[in-house]
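Notebook open, model loaded. I'll jot down what I look up as I go.

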Amino acid sequence: MKHDTKQIGLRIRTARKQKGMNQTQLAAALGKSLRTIQKYESGEIEVSLAMINELAGVLDTTSTYLTGYDTQEKPLTNMADVMQFLFQLDQIRELGFRIDVKRPPEHDCWECSITFNGKDLSSSENADMCLFLEEFRENREEYAAYGHSASSYQDWKDKTLAYYAAVSLSEAETEELTEEERISRRNAFLKEQFRS
């Protein structure tokens, strides 16, 4: 995964100065050479994610800050924001999901879920999404059962976001069809469905 090394270097330098450390002190705290710290800050070499996490700890900042992922862009403040997020998610080319609905009287409960198929090869990031959701469930349950402190749970979230910040996504093109093309494709779709 590629992060912008120049920007990371700038953020390392900014965080170091805010902490009141010089490069020699930072090098000593990390067990690195002064030249390595200089290369990190100038963007000459790529900083591994493990080192970003270590730097974040030493500099009292977050991995997401160092990688440039802004977690405070815009909070979800109402249901329309959440729904808009789902509409946007539906437009991501590398992710595919289905929506499952269970509702009375066929079911005892009313549940809706979004399901990502981790083996769907047409959606290149579905496997990573499944890995993330599995880990999210485990960490969330551990936090709810007081197995994680609030800070360790936040640290896990920051490290996860920093790791995936370098994975680029693209928007799927909306296909404009004439009414005739749409009906033709609908008929072909239904024919295929009934054949299965």
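Predicted model: local features only at pLDDT ≥ 70, side-chain atom pairs only at ≥ 80, totals over all residues.

Among contacts between residues at least 6 apart in sequence, what percentage join residues at least 24 apart? I get 52% for this protein.

**Overall layout.** I counted 9 helices and 2 strands. Reading along the sequence, I wrote the pattern down as α-α-α-α-α-α-β-β-α-α-α. Next I checked the radius of gyration: it comes to 23 Å, well over the 16 Å from the globule rule for 196 residues, so the protein is more spread out than a compact globule. I also took the span of the C-alpha trace along the principal axes, and it is about 70 × 45 × 30 Å. As for burial, 22% of the 196 residues count as buried.

**Cores.** I went to the largest nonpolar core, which has 16 residues. Which of its members touch the most others? My list reads Ile-12, Leu-26, Tyr-40, Val-47, Leu-55 and Leu-59. I then asked where the core residues come from: α1 (5–19), α2 (23–30), α3 (34–42) and α4 (49–58) each put in at least two. The biggest contributor is α4, with 4 residues.

Skipping its neighbours within four places in sequence, I found Leu-55 in contact with Ile-12, Leu-26, Leu-30, Tyr-40, Val-47 and Leu-66. There is also a second, separate core of 5 residues, and Leu-89, Ile-92, Phe-116 and Met-129 are among them.

**Second largest pocket.** I put its space at about 210 Å³. Its lining is made up of Cys-130, Leu-133, Glu-134, Phe-136, Arg-137 and Arg-140. I sorted that lining by type and got 3 nonpolar, 3 charged and no polar residues.

**Glu-171.** Last stop for today. I located Glu-171 in the loop between α8 (150–164) and α9 (179–195). Buried or exposed, I wondered about Glu-171? Its relative accessibility is 56%, and the cut-off for exposed is over 50%, so Glu-171 counts as exposed. What does Glu-171 touch, not counting residues up to four places away in sequence? I noted Gln-91 and Arg-93. I also took its separation from Met-79: the two residues are 92 apart in sequence and 23 Å apart in space, C-alpha to C-alpha.

Note on methods: Residues numbered from 1 in each chain as written. Heavy atoms only, no water. Core = buried A, V, L, I, M, F, W, Y, C linked by side-chain atoms within 4.5 Å. Buried < 20%, exposed > 50% of the residue type's maximum accessible area, 1.4 Å probe, protein only. Contact = heavy atoms within 4.5 Å. 1 Å grid on protein atoms, 1.4 Å probe; cavity = no way out; pocket = protein on both sides within 12 Å on 5 of 7 lines; lining within 4 Å. Points joined across faces, edges and corners; volume = space filled by probe spheres on them. Nonpolar A, V, L, I, M, F, W, Y, C, P; charged D, E, K, R; others polar. Rg over C-alpha atoms; globule rule 2.2 N^0.38 Å.
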